[in-house]
Amino acid sequence: MDKSTIMKIAAEQNVKFIRLQFTDILGVMKAISITEEQLEKALNGELMFDGSSIEGFVRIEESDMYLKPDLDTFLILPWNNPSSDAKTARLICDIYDSDNQPFHGSPRQALKQMLQEAAELGYSMQVGPEPEFFMFQLDETGAPTLKTNDKAGYFDLPPVDKGENARRDMVETLQRIGFEIEAAHHEAAPGQHEIDFKYQDALKTADNIVTFRIVVRTVAQQHGLHATFMPKPLFGIAGSGMHLHISLFKDGQNAFYDAHDPSGLSDTCRFFIAGVLKHARAITAITNPTVNSYKRLVPGYEAPVYIAWSYRNRSPLIRIPARRGIGTRIEVRSPDPTCNPYLGLAVILKAGLEGIKNQEQPLPPVDKNIYEMDLADRKLNNIESLPENLYEAISELNRDEVIQQALGRHIHSRFCYAKIKEWENYSSRVYEWEIEEYLEKF
């Protein structure tokens with residue numbers, strides 16, 4: 001895409017409004033809408049906004065910031081205003097400060113910097129995500145309830161799977177805007193679904209994840225449902241994860257594959273795994289960034305709790321899918337879909353590159369079901385656990401200088417400040433469970 005092509009398409013397709021999109025530090029999508037008359041000015045990177053109004057950006061005395069669109073992200077949104085034939089397009093933007101320099105508090109910029117660090121070592125990062133979500137019914141006022149739209153389970157078909165029509169429309173909408181969908185199905189819990197799209201370079205994948213969230217929620221709304229990426233909305237059933245399938249490429253070849261190794265894995269792959277496992281506790285603060293995230297990371301629901309890796313076993317943090325050759329990859333199973341994808345990929349890449357630079361070797365793979373191992377057995381196998389709550393995860397992040405470097409000083413400090421406030425707000429409240437457990441007993 002270039003400026004003249006975008007201007008031509010916008011005119012031909014009757015694009016009257018353009019959303020200039022970006023994410024705040026917590027991964028929430030933000031946008032400024034402009035009219036077609038302002039499009040050329042936006043494409044020139046001349047539009048400014050108040051950065052002090054965005055979570056974790058800047059103070060009010062330094063609030064002027066520029067939105068500079070990534071022209072390759074120009075997209076006409078596949079839904080129109082029913083009262084008009086005018087169309088709306090979007091552009092994902094990078095943030096620049098008032099001195100016209102890349103803003104060090106921009107999550108997208110943090111990922112771009114890490115990808116540049118990888119490129120200097122000759123690597124590019126490819127990522128394929130597997131985001132899960134729930135769909136709930138709405139009440140008479142249009143507010144979401146906790147009533148799932150079906151009672152189906154893993155891979156169930158209609159009529160048991162009552163979400164198929166909405167999920168099919170989501171897939172078709174994603175395909176219309178350029179996604180290559182690999183699979184879509186009902187997940188294990190009632191009302192839970194998964195849509196997988198093909199791996200691409202890490203920046204494109206991160207852009208796709210934030211676009212995916214918008215499409216899923218918009219299409220669900222059109223079906224009279226509420227889609228949520230909250231990791232654990234219901235007690236006693238599986239939560240929603242976002243497994244990440246990751247590989248590095250070098251000189252056009254998959255750097256994780258070694259045809260001469262009995263397992264098909266290269267030393268580079270093992271070094272990368274060792275780096276991710278070494279920094280996993282700090283990474284968790286970014287890949288599982290909410291109080292609710294840790295209600296999913298408990299034994300018994302296939303979510304990883306233990307820091308280990310395996311070729312087949314799904315209980316460790318990292319699994320190696322069976323495919324080899326160009327498809328050789330690692331599957332990082334801990335992230336959930338509330339993760340800011342730019343920051344999540346940045347910290348995983350940083351940890352993996354540190355493992356490669358230091359040629360760190362991981363512990364042997366664990367082929368036993370770790371959930372069935374007792375504490376003594378886990379200690380014998382040097383298997384540590386992920387943090388049990390958000391506060392513990394932030395504490396680990398504050399001790400890990402490598403992961404802090406991936407975020408940068410600004411993002412690290414603002415992210416931790418916001419998350420500690422979230423934890424304090426949560427931990428100081430009284431919940432229904434406490435009333436039921438203690439009110440009459442004491």
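Modeller: The protein has a mean pLDDT of 90, and 96% of its residues reach 70 or more, where pLDDT is the predictor's confidence in each residue, from 0 to 100. This is a predicted model, in which local features need pLDDT of at least 70 and side-chain atom pairs count only at pLDDT 80 or more, while totals for chains, interfaces and linings use all residues. Residues are numbered from 1 along each chain as its sequence is written, and side-chain values use heavy atoms, with hydrogens and water left out.

Colleague: Why is Trp423 called buried?

Modeller: Buried means under 20% relative accessible area, exposed over 50%, and partly exposed in between, with a 1.4 Å probe and protein chains only. Trp423 has a relative accessible area of 19%, so Trp423 counts as buried.

Colleague: And what makes Tyr391 partly exposed?

Modeller: The relative accessible area of Tyr391 is 44%, and this value falls between the limits of 20% and 50%, so Tyr391 is called partly exposed.

Colleague: What makes the buried residues of helix α11 lie on the same side?

Modeller: In α11, which runs over residues 390–399, the buried residues are Leu390, Ala393, Ile394, Glu396 and Leu397. They cover an arc of only 155° around the axis, which puts them on the same side of α11; the arc is that of the directions from the helix axis to the C-beta atoms. As background, an α-helix has 3.6 residues a turn, so residues three or four places apart point the same way. Helices (H or I, at least four residues) and strands (E, at least two) are DSSP runs, numbered from the N terminus. The buried residues of α11 pack against α7 (280–287), α8 (293–296) and α12 (401–427), where contact means heavy atoms within 4.5 Å.

Colleague: How many aromatic pairs does the structure hold, and why is the pair of Tyr391 and Trp423 called tilted?

Modeller: The structure holds 13 aromatic pairs. Rings of Phe, Tyr and Trp (its six-membered ring) pair if their centres lie within 6.5 Å, and planes under 30 degrees apart count as stacked, over 60 as edge-to-face and the rest as tilted. The ring centres of Tyr391 and Trp423 are 6.3 Å apart and the planes stand at 35°, so this pair is tilted. The pair links distant parts of the chain, with Tyr391 in helix α11 and Trp423 in helix α12, 32 residues apart.

Colleague: Why are Tyr426 and Tyr431 called a tilted pair too?

Modeller: Their ring centres are 5.4 Å apart and their planes stand at 40°, so the pair of Tyr426 and Tyr431 is tilted.
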